[in-house]
Amino acid sequence: MSQRVIEAIDSSAVQAGIVLNEDQRRLAERLAMLTQPAGRRLRARRNEKSHGLYVHGPAGRGKSWLAQAFFDAVPMPKTRVHFHNFFDELHLRVHDSRDDPRALDRALTELLGQTQLLFFDEFHVHDSGDARLLTRLLERVFAQHLTVVVTSNYSPDSLLPNPIWHHTFESGIEMIKSHLDVFHLDGPTDYRTLTPRHTTGFASGRWLTASPTGSPSSDDEKATLTVRGRQFPALAVRDDQLWISFAQLCDSPLSTVEYLSWVDAFRSWVITDIPLFNDASREAQQRFINVIDILTDTDTPTTFIATHAVDDFLATETTRPDTFRMASRLRLLRT
């Protein structure tokens with residue numbers, strides 16, 4: 001099985017025009033080892049943990065691509081979850097059964113189903129409430145002896161970096177280190193920036209410094225979007241394209257609930273009037289980072305309109321968590 005998985009990953013790389021470097025090759029082989037029975041894995045590597053692999057490193061080094069290629073190649077009941085989608089679905093299910101003291105356990109049971117392999121992409125923790133939910137999730141998946149693959153920009157000890165709240169996820173960190181092997185995928189190259197393919201998906205989007213012909217200019221086009229009974233303004237809706245300003249998207253009290261709803265509803269987006277990053281409030285900065293995460297994960301073609309170039313926008317990025325990932329993704333765009 002492990003050899004077939006490696007061959008499948010190699011085939012996917014060839015089709016994508018990717019040549020794996022030495023560290024990426026080692027990771028592919030390490031992922032393939034997860035398909036071996038536990039006894040054989042332990043004989044192959046005495047110090048191997050029993051339940052999977054935690055892969056971390058800078059943005060654009062191939063973590064998610066390799067984990068996805070492994071996930072696609074493995075013929076077993078499996079689930080891939082992205083951070084924002086997972087919490088949106090979990091909160092919704094818990095809310096719907098909020099009078100049930102076992103609501104969280106029931107929600108986790110429903111989300112995991114018959115899964116034997118759980119792939120958690122872009123694992124990060126910045127909120128103490130999320131930390132508690134993730135701790136419960138980890139307790140469940142390790143108790144069920146699931147095979148777990150995690151990708152993250154953070155080493156386990158760096159999760160929930162805020163020193164005020166870090167202690168709330170210490171038990172989760174210890175579970176990760178106890179049950180998962182930790183693999184650091186590093187290197188000097190952000191592969192996303194080398195040969196971005198501008199034909200489809202998020203990478204086909206653009207960063208423009210002037211409004212294109214046909215931009216909404218009439219109040220007649222103003223739209224109202226409804227999500228779970230709440231209403232939100234937008235510049236325009238044209239067939240399956242959403243036009244929305246940065247202020248409407250990030251200065252209002254929106255969450256990933258709304259963003260996920262809109263990527264489902266609209267095939268492409270146009271975001272206008274983008275300020276320099278440091279000119280936005282901290283709340284707006286975090287919302288914009290979340291938006292970029294979701295647009296990239298769903299591979300949604302997006303046009304960004306500002307009065308400044310993308311390099312000027314990124315030159316002002318703060319040390320705020322996850323800005324490095326946002327920068328890597330915005331550099332995929334045509335300018």
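User: Where is Arg228 found?

Analyst: Arg228 is found in the loop between strand 7 (223–227) and strand 8 (230–234). Strands are DSSP runs of E, at least two residues, and helices are runs of H or I, at least four, numbered from the N terminus. This is a predicted model: local features need pLDDT of at least 70, side-chain atom pairs count only at pLDDT 80 or more, and totals for chains, interfaces and linings use all residues. Residues are numbered from 1 along each chain as its sequence is written, and side-chain values use heavy atoms, with hydrogens and water left out.

User: How do I read phi there?

Analyst: Most residues other than glycine have a negative phi. Arg228 is not a glycine, yet its phi is positive, about 50°. His145 also is no glycine and has a positive phi, about 60°. His145 sits in the loop between helix 7 (128–143) and strand 4 (147–152).

User: Why does His145 count as exposed?

Analyst: Exposed means over 50% relative accessible area, buried under 20%, partly exposed in between (1.4 Å probe, protein chains only). His145 counts as exposed because its relative accessibility is 58%. Arg228 counts as exposed because its value is 52%.

User: What about a buried charge?

Analyst: Look for a salt bridge: a side-chain nitrogen of Lys or Arg within 4 Å of a carboxyl oxygen of Asp or Glu. Arg287, in helix 11 (residues 282–297), is buried but has no salt bridge. Asp251, the nearest side chain of opposite charge, is 5.8 Å away. Lys and Arg count as positive, Asp and Glu as negative; His and the chain ends are not counted.
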